[in-house]
Amino acid sequence: MEALSIKGKIAFADCLRRILFELYGEEEADTYAYYQKHCHFIFKVEADVVEHCTHYFRLQCVIRNFEYLCRVHQDIGLFEIVPKHVGDEVTVLTWIQFFERRHEFYEREGRRIKAKHEPMSLLYVGAIFLDYVSKDIRGSLYTKDYVPNGLASQVNGVYQEMIKQNYHFSTTTTVKEFYRDIIEPLYPTMSKHDQNYIWRFFKPQTDLAV
């Protein structure tokens, strides 16, 4: 156990919802509601038990994506946290430790009975998890066999950040506003020429043909 804090970590439930949204868009809410109702057994049964419900297959897919990201990207970090009034008790989990108790977490929306007379522990992962969701699940503007140059990489980075923030790029958004909101935190030394180019690249079309 290490003296760590909850800061910079994402709850398991939020991770699942993020993956659900990336894969299924607005249908995320319905599938997560199904998970909340059936999480105590949904990963113990085969599809025929739930009449081959679509939500079942979505959840199986989401869990596999969650485990894949946590296993492949070892810098993500897995944490079991017991919330206490005097300070959270944070335990860093190895992959093997997590894998052995993962179903306990899955069957209680990320909670686990760790000790009889203590609050239930909570599963968290490092916040960098969201970056890998964007890169590995959402994908990029380019196909995997395309090797982007410097500017193309920056355009893709801006695109990923816009999606992450659910950024509303309106027809009245100026170059200065777009640079302040999106570009500057990523590429503070970008030239004004490239700023203007990327702004024009993402600027919504105003005159639509009928």
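Are F12 and Y106 buried or exposed? Both are buried, where buried means under 20% relative accessible area, exposed means over 50%, and partly exposed lies in between (1.4 Å probe, protein chains only).

This is a predicted model, in which local features need pLDDT of at least 70 and side-chain atom pairs count only at pLDDT 80 or more, while totals for chains, interfaces and linings use all residues. Residues are numbered from 1 along each chain as its sequence is written, and side-chain values use heavy atoms, with hydrogens and water left out.

**The whole chain**

The C-alpha trace spans about 60 × 45 × 35 Å along its principal axes. The chain has eight helices and five strands; these are DSSP runs numbered from the N terminus, with helices (H or I) of at least four residues and strands (E) of at least two. Their pattern along the sequence is β-α-α-α-β-β-α-β-β-α-α-α-α. Of the 210 residues in the chain, 43% are buried. Contact means heavy atoms within 4.5 Å. Among contacts between residues at least 6 apart in sequence, 63% join residues at least 24 apart.

**Aromatic rings**

Next, show the side chains of Phe, Tyr and Trp. The structure holds 17 aromatic pairs. Rings (the six-membered one for Trp) pair if their centres lie within 6.5 Å; planes under 30 degrees apart count as stacked, over 60 as edge-to-face and the rest as tilted.

Select F12 and Y106. Their ring centres are 5.5 Å apart and the planes stand at 20°, so this pair is stacked. F12 belongs to helix 1 (residues 12–24) and Y106 to helix 4 (residues 95–106), so the pair ties together parts that are 94 residues apart in sequence.

Stay in helix 4 and select W95 and F98. This aromatic pair is tilted, with 5.5 Å centre to centre and 50° between the planes. W95 and F98 are three residues apart in helix 4, which separates them by about one helical turn. F98 has 0% relative accessibility and counts as buried.

Now extend the selection to F12, Y32, Y35, F43, F66, W95, F98, F99, Y106 and F129, which ring pairs link into a cluster.

**Charges over rings**

A charge sits over a ring if NZ of Lys or CZ of Arg is within 6 Å of the ring centre and within 35 degrees of the ring normal. Then select K9 and F79: K9 lies over the face of F79, at 4.7 Å from the ring centre.

**Helix packing**

Two packed helices are described by the angle between their axes and the distance between the axes. Here the axes are lines fitted to C-alpha atoms, for helices over the stretch in contact, and angles run from 0 to 180 degrees between N-to-C directions.

Select helix 3 (residues 54–72) together with helix 4. They pack at an angle of about 160°, with axes 12 Å apart. That makes helix 3 roughly antiparallel to helix 4; angles under 35 degrees count as roughly parallel, over 145 as roughly antiparallel, 65 to 115 as roughly perpendicular and the rest as oblique.

On the helix 2 side, D30, T31, Y34 and Y35 meet H55, Y56, R58 and L59 in helix 3.

At 11% relative accessibility, E28 counts as buried. Not counting residues up to four places away in sequence, E28 touches R17, L20 and F21.

Move to A127, in the loop between strand 5 (121–126) and helix 5. A127 is partly exposed, with a relative accessible area of 32%. Leaving aside neighbours within four places in sequence, A127 is in contact with G8, K9 and I10. A127 and I10 are 117 residues apart in sequence and 5.5 Å apart in space, C-alpha to C-alpha.

End at V133, in helix 5 (residues 129–138). With 0% relative accessibility, V133 counts as buried. V133 and E89 are 44 residues apart in sequence and 27 Å apart in space, C-alpha to C-alpha.
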